[in-house]
Number of protein chains: 2
Amino acid sequence: MKIYHAPNTRSIRIVWLFEELGLPYELELFKLGDAAMRTPEYRKVHPMGRVPALQDGEQVIFESGAIIQYVLARHAGGRLAPRADSPEFANYLQWFHYAEGMIMPPVNTLVVETVFLPPESRNETNVKRATKLLGQMLAAVEQGLQGRDYLAGDFTAADIITGQATIVAARLGGDISDKPAVSAYIDRLKARDGWQRALAAA
Amino acid sequence: MKIYHAPNTRSIRIVWLFEELGLPYELELFKLGDAAMRTPEYRKVHPMGRVPALQDGEQVIFESGAIIQYVLARHAGGRLAPRADSPEFANYLQWFHYAEGMIMPPVNTLVVETVFLPPESRNETNVKRATKLLGQMLAAVEQGLQGRDYLAGDFTAADIITGQATIVAARLGGDISDKPAVSAYIDRLKARDGWQRALAAA
């Protein structure tokens, strides 16, 4: 399978997933903001010219959450997700979807305002609003982690997608100073072999 | 099961799902922006005081995508989603996640700027940027609908979540004037009994 990947983007989630599963993969590498992502050729893979995307034989699929669920269903033999009859199943799904539903919208705003836009175009109201919202989103993660090391029992794909979102949120200024469980969680994730191998891959 | 619902929010997705499946449900109703959603009692159901949330016996779950996947896995007998070995499976997952990954971030911005904020606080740069982005997101839906009535073959839960997001996006000013497949898709969704019963439910 081929992963379309750019370091410092959501696509690290897919590389991390493959590393945790020990599945072989090929990387097609871009840089963040790469003009090569806006060619007509790449737009056949991803209509908005973004990463990640995955090619599996003739099948092309984008959206990190979709790719993860696709790989789990087709290639993981039941690993990294609780079964539908597990008491952790609802928790798993809730935290799986939490990344894009709750954490990433303010993260997107902060990336646009503080990374993509030149400083003179930065809107401080947007930055303030997004940073405050991010703190609230991380407070719910803090609550979800009470008494546990991972969001849904053992380490699962929910920790890949929402874990990565949490790492990015903290890096962009989401307040974790009053959130010891989130801090410890981030350290725990970063210490995993799979995460480190994913970072080293590109 | 009990659905925590407020009209004109994402929670219509869950009511629509139950209506399509013919599953019985109870509604706990809020109005958009309701103070009752910010009580300590409701924050035990949803830490950010939002809808939707679902109660199934002792289990409480939030995030609309998670609720849909939970209900499909536990209560739908395989309906409204292709099997993992179906050729439509990747498509289904991709369009399922497209709603929150791609369409809702600019929708959120437009709701904040044009519904929640007083006109004097509105930021026209944000509105313009989000409206343009929404047009691009809908262009990919237009492309995904070429030669088909629904996003992943027969009507599936991807049409509930991304269909509802598409309806809202068009309502908030996402340009569909040059997107005949999206226009026809919106009409097709709105004509469904399940959609109409969901709107009539509250």
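Predicted model: local features only at pLDDT ≥ 70, side-chain atom pairs only at ≥ 80, totals over all residues.
Reader: What makes the relation between chain A and chain B that of a two-fold axis?

Author: Chain A can be laid on chain B by a turn of 180° with a shift of 0.0 Å along the axis, and the RMSD is then 0.0 Å. That is the relation of a two-fold axis.

Reader: Which residue of chain A comes closest to the rotation axis?

Author: Pro105(A) does, with its C-alpha at 2.7 Å from the axis.

Reader: How do you know that the copies meet through the same surface?

Author: Of the interface residues of chain A, 100% are also interface residues in chain B, so the copies meet through the same surface.

Reader: How do you know that the length of helix α5 of chain B agrees with what its 21 residues should span?

Author: The helix covers residues 124–144, and at 1.5 Å a residue it should span 30 Å. Its end C-alpha atoms are 30 Å apart, which agrees.

Reader: Which residues of α5(B) are buried, and what puts them on the same side of the helix?

Author: The buried residues are Asn126(B), Ala130(B), Leu133(B), Leu134(B), Met137(B), Leu138(B), Val141(B) and Gly144(B). They cover an arc of only 145° around the axis, which puts them on the same side of α5(B). An α-helix has 3.6 residues a turn, so residues three or four places apart point the same way. The face of α5(B) turned away from the buried side carries the exposed residues Glu124(B), Thr125(B) and Lys128(B).

Reader: What do the buried residues of α5(B) pack against?

Author: They pack against α5 (124–144) of chain A, and also against α4 (89–116), α6 (157–171) and α7 (180–190) of chain B.

Reader: Why is Arg129(B) called partly exposed?

Author: Arg129(B), found in helix α5 of chain B, has 14 C-beta neighbours inside 10 Å. A residue is buried at 20 or more and exposed at 12 or fewer, so a count in between is called partly exposed. Arg129(B) therefore counts as partly exposed. Its C-alpha atom is separated by 9.4 Å from that of Thr109(B), a residue 20 residues apart from Arg129(B) along the chain.

Reader: Why do the buried residues of α7(A) count as lining one face of the helix?

Author: The buried residues of this helix, which covers residues 180–190, are Val182(A), Tyr185(A) and Leu189(A). Seen down the axis of α7(A), they fall within an arc of 60°, so they line one face. They pack against α5, α6 (157–171) and α8 (193–200) of chain A. The face turned away from them carries the exposed residues Pro180(A), Ala184(A), Asp187(A) and Lys190(A).

Reader: Why are Glu63(A) and Leu80(A) called buried?

Author: The cut-off for a buried residue is 20 or more other C-beta atoms within 10 Å. Glu63(A) has 26 and is therefore buried. Leu80(A) has 20 such neighbours, so Leu80(A) counts as buried.

Reader: What is the phi of Glu63(A) and of Leu80(A)?

Author: Glu63(A) has a positive phi of about 85° although it is not a glycine; this residue lies in the loop between β4 and α3 of chain A. Leu80(A), also a residue other than glycine, has a positive phi near 65° and is found in the loop between α3 and α4 of chain A.

Reader: What joins β3 to β4 in chain B?

Author: Four bridges join strand β3 (residues 53–56) to strand β4 (residues 59–62), and the two run antiparallel. Pairing requires at least two bridges, so β3(B) and β4(B) count as paired. Leu54(B) stands opposite Ile61(B) in β4(B). The hairpin has two residues between the strands, and Gly57(B) takes a positive phi near 65° there.

Reader: What is the omega of the peptide bond from Val51 to Pro52 in chain A and in chain B?

Author: In chain A the bond is cis, with omega near 5°, and Pro52(A) is in the loop between α2 (40–45) and β3 (53–56). In chain B the bond is cis, with omega near 0°, and Pro52(B) is in the loop between α2 (40–45) and β3 of that chain.

Conventions:
Residues numbered from 1 in each chain as written. Chains lettered and ligands numbered in written order. Expected span 1.5 Å × (residues − 1). Arc of directions from axis to C-beta. Contact = placed C-beta atoms within 7 Å. Least-squares fit on C-alpha atoms with pLDDT ≥ 70 in both.
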